[in-house]
Amino acid sequence: MYSIYLIPLLIAMFLAVNMGGSGTAPSFSASYGANLIRKSLIPGLFGLFVFAGALLAGKKVVATIGKGIIPSESITLVLTSIILLSVALSLFFANMLKVPQSTSQSTVTALVGPAIYFDVLKSDKLFFEILPTWFITPIAAFLITFLVAKYIYRPLKSFSNISFEALAQHKIFKMIVILGGCYVAFAIGSNNVANASGPLVAMSQNILGVADSTSEFMLIMIILTLVIAPCFGIGSSFLGDRVLSTTGKEIISFGPLGATLISIVTASLLLLASLTKGIPTSLVQMNTGAIIGLGISKVGVKEIFKDTPLKKILTIWIIAPIISLVLSLLLTIIADKLGYL
């Protein structure tokens with residue numbers, strides 16, 4: 001009887017594996033692109049820091065996913081399975097095309113589908129907090145990296161007696177760049193693990209009759225994190241290689257200084273979204289925005305959009321959340337007509 005509850009759990013684990021593949025790129029494309037870390041070391045570091053971020057800083061995002069878009073009491077076993085499956089399939093589609101995709105956006109749109117169908121959408125959270133954050137954070141990442149590179153780094157490089165090339169080759173600085181990738185992975189844990197665990201937490205609350213902010217609720221969150229977070233490392237091992245080179249090697253080549261700037265800016269913005277309002281948002285889009293900002297300051301606008309995968313990336317960013325929305329809506333309609341909801 002209880003084996004049926006393994007269905008949404010297994011789907012969530014499949015989703016986490018795909019998120020691990022997608023999230024590897026924004027975490028370590030910077031240090032990998034700068035040739036500072038062996039590819040074989042990335043999955044272990046990534047999985048470890050994702051797990052830490054989920055445990056220490058992921059509670060608010062879990063709450064948003066679990067009850068901030070659709071009422072938690074509406075998230076049944078069947079609906080949880082539908083939501084997670086829709087997200088997993090849309091993300092798998094993006095991974096097969098070697099494009100790092102925002103799981104947070106796909107998760108939110110998957111929640112919106114059944115919420116619209118049952119007319120229970122919490123529109124205030126969606127329209128006044130989540131959607132503005134999606135637009136603001138990539139622009140902020142772009143502007144910060146562009147301005148720092150253009151008005152601080154380049155003038156220092158031109159007029160200072162400091163050898164930036166020699167500094168970039170120093171062992172301590174290389175370690176700082178790799179730690180920046182770990183910092184990004186921690187930020188991913190604080191935000192993206194909730195995409196898989198959030199619906200499971202809400203479903204478990206309904207089944208067990210557990211209230212928010214109780215010791216039982218915290219235990220549920222910890223147990224599900226212990227199950228879901230390690231799957232990110234597994235996904236990084238099997239799928240991370242497909243998307244790692246896209247942002248790390250093919251958009252623009254950059255050195256350790258640029259890699260560090262990208263890591264600090266994007267991870268800090270994501271942690272800010274996680275810890276303040278618990279907004280599920282897109283690290284991959286912030287990461288790409290930062291890379292574009294750095295690239296434009298280095299080679300100009302025309303070159304950054306010439307012979308790079310940016311057009312492909314932008315197209316998939318639009319298509320994947322739509323696929324998630326349509327899938328969740330259609331599956332919800334079918335399940336309801338068949339009497340499962």
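A single salt bridge, defined as a side-chain nitrogen of Lys or Arg within 4 Å of a carboxyl oxygen of Asp or Glu, is counted in this predicted model. The salt bridge joins Glu129 to Lys125, with the closest N and O atoms 2.8 Å apart. Both residues lie in helix 6, 4 residues apart, about one turn of the helix; helices (H or I, at least four residues) and strands (E, at least two) are taken here as DSSP runs, numbered from the N terminus. Glu129 counts as partly exposed because its relative accessibility is 25%, where buried means under 20% relative accessible area, exposed over 50% and partly exposed in between, computed with a 1.4 Å probe on protein chains only.

Because the model is predicted, local features need pLDDT of at least 70 and side-chain atom pairs count only at pLDDT 80 or more, whereas totals for chains, interfaces and linings use all residues. Residues are numbered from 1 along each chain as its sequence is written, and side-chain values use heavy atoms, with hydrogens and water left out.

The protein has 14 helices and 0 strands. Of its 341 residues, 55% are buried. Among contacts (heavy atoms within 4.5 Å) between residues at least 6 apart in sequence, 86% join residues at least 24 apart.

Aromatic pairs were assigned to rings of Phe, Tyr and Trp (its six-membered ring) whose centres lie within 6.5 Å, with planes under 30 degrees apart counting as stacked, over 60 as edge-to-face and the rest as tilted. The count by this rule is 3 aromatic pairs. One of them, formed by Phe46 and Phe232, is tilted, with 6.5 Å from centre to centre and 40° between the planes. Phe46 lies in helix 2 (residues 42-57) and Phe232 in helix 10 (residues 215-250), so this pair ties together parts that are 186 residues apart in sequence. Both Phe46 and Phe232 are buried. Another pair, that of Phe142 and Phe146, is stacked, at 6.0 Å centre to centre and 10° between the planes. Phe142 and Phe146 are 4 residues apart in helix 6 (residues 123-159), and are therefore separated by about one helical turn. Phe142, at 25% relative accessibility, counts as partly exposed, while Phe146 is buried, with a relative accessible area of 17%.

The axes of helix 8 (residues 171-191) and helix 9 (residues 193-208), which are lines fitted to C-alpha atoms over the stretch in contact, with angles running from 0 to 180 degrees between N-to-C directions, come within 6 Å and cross at roughly 20°. Helix 8 is therefore roughly parallel to helix 9, given that angles under 35 degrees count as roughly parallel, over 145 as roughly antiparallel, 65 to 115 as roughly perpendicular and the rest as oblique. In this contact, Ile188, Gly189 and Asn191 in helix 8 meet Val193, Ala194 and Asn195 in helix 9.

Two loop residues were also examined. Asp119, in the loop between helix 5 (103-117) and helix 6, has a positive phi of about 55° although it is not a glycine. Most residues other than glycine have a negative phi. Asp119 counts as exposed, at 69% relative accessibility. Pro71, in the loop between helix 3 (59-68) and helix 4 (77-96), is buried at 15% relative accessibility. When residues up to four places away in sequence are not counted, Pro71 touches Val120 and Lys122. Pro71 and Ala202 are 131 residues apart in sequence and 9.1 Å apart in space, C-alpha to C-alpha.
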